[in-house]
Every structure is written in C-alpha cells, then in structure tokens.
Amino acid sequence: MEIRVQAIHFDMSESLNDFVVKKAQRLARHYDTITNMDFNLRLVKPETALNKEVVAKVLLPQYELVASKTADTFEEATDLAIEALKSQLEKAKNK
C-alpha cells in the first residue's frame with residue numbers, strides 16, 4: 001500500500017507529515033483491501049479561523065472513497081477526514 005501526502009500552498013513540517021502517515025497506517029491496518037491513500041493538505045484563502053483543508057482519497061479494488069474536511073488545524077482536519085473514511089469503508093465492506 002502506498003501513502004502519499006501533498007502540501008498545497010504551504011511548506012509542510014516533518015512532524016505534520018509523520019502525523020498524517022501514522023493515522024493513515026492505523027486506518028490501513030483495519031482494512032487490508034486498501035491499495036492506495038492520498039492526502040492533499042491545503043490552506044484555504046482568505047486566512048480565517050477554519051482555513052485548513054484535508055482531502056483524503058482511499059483506493060480500493062472496486063471503489064474510490066473521498067473525504068474532505070476543514071478545521072482550525074491540519075491535525076484536526078486529518079482526524080475528521082479519517083473518521084469519515086472509516087464510515088465509508090464500513091459501508092463499502094458491507095456491500
């Protein structure tokens with residue numbers, strides 16, 4: 001499985017990258033059918049309180065699941081996106 005993290009409109013710190021990868025690996029442990037995970041972290045203009053967006057894509061053999069969340073921090077947005085993907089994965093698993 002491949003995990004790709006991309007920062008858009010800002011320079012990402014190593015600790016933020018490690019945080020996202022760690023969360024993605026934790027999710028992948030529970031769902032062995034995941035083939036690829038992409039995370040796009042972006043600063044939304046204008047710079048207001050909720051200006052950090054995470055778009056997470058999970059590729060399965062027969063599905064592509066996407067979750068987009070906005071929050072005050074990238075860590076919070078990542079957690080919200082992972083939670084949304086968990087529920088989508090549960091629904092896909094039950095089909």
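At 57% relative accessibility, H9 counts as exposed, a class that requires over 50% relative accessible area, whereas buried means under 20% and partly exposed lies in between, all with a 1.4 Å probe and protein chains only. H9 is found in the loop between strand 1 and helix 1, where helices (H or I, at least four residues) and strands (E, at least two) are DSSP runs numbered from the N terminus. The phi angle of H9 is near 75 degrees, a positive value in a residue other than glycine.

The model is predicted: local features need pLDDT of at least 70 and side-chain atom pairs count only at pLDDT 80 or more, while totals for chains, interfaces and linings use all residues. Residues are numbered from 1 along each chain as its sequence is written, and side-chain values use heavy atoms, with hydrogens and water left out.

The structure contains 1 aromatic pair, where pairing of Phe, Tyr or Trp rings (the six-membered ring for Trp) requires centres within 6.5 Å. The ring centres of F10 and F74 are 4.7 Å apart and the planes stand at 15 degrees, so the pair is stacked; planes under 30 degrees apart count as stacked, over 60 as edge-to-face and the rest as tilted.

**Helix packing**

Two packed helices are described by the angle between their axes and the distance between the axes. The axes of helix 1 and helix 2 come within 11 Å and cross at roughly 15 degrees; these axes are lines fitted to C-alpha atoms over the stretch in contact, with angles from 0 to 180 degrees between N-to-C directions. Helix 1 is therefore roughly parallel to helix 2, the class for angles under 35 degrees. Helix 1 passes helix 2 in a right-handed crossing, meaning that the near helix is turned clockwise from the far one by less than a right angle.

On the side of helix 1, L16, F19, V20, K23, A24 and L27 meet residues of helix 2 that include F74, T78, I82 and L89. T78 lies in helix 2 and is buried, with a relative accessible area of 0%. Neighbours within four places in sequence aside, T78 is in contact (heavy atoms within 4.5 Å) with F19, V20, K23 and V54.

**Nonpolar core**

The largest nonpolar core has 28 residues, such a core being a set of buried Ala, Val, Leu, Ile, Met, Phe, Trp, Tyr and Cys residues joined through side-chain atoms within 4.5 Å. Two or more residues each come from helix 1 (14-30), strand 2 (36-43), strand 3 (52-59), strand 4 (64-71) and helix 2 (74-93). Helix 2 gives the most, with 8 residues. M37, F39, L41, V58 and L89 have the most contacts inside the core. Beyond four places in sequence, the contacts of M37 include M1, I3, A24, L27 and V58.

**Accessible residues and C-alpha separations**

D32 lies in the loop between helix 1 and strand 2 and is exposed at 71% relative accessibility. K22, in helix 1, is partly exposed, with a relative accessible area of 48%. The table gives one C-alpha separation for each.

| Residue pair | Separation in sequence | C-alpha to C-alpha distance |
|---|---|---|
| D32 and M1 | 31 residues | 9.0 Å |
| K22 and L41 | 19 residues | 15 Å |

Conventions
Parallel < 35°, antiparallel > 145°, perpendicular 65-115°, else oblique.
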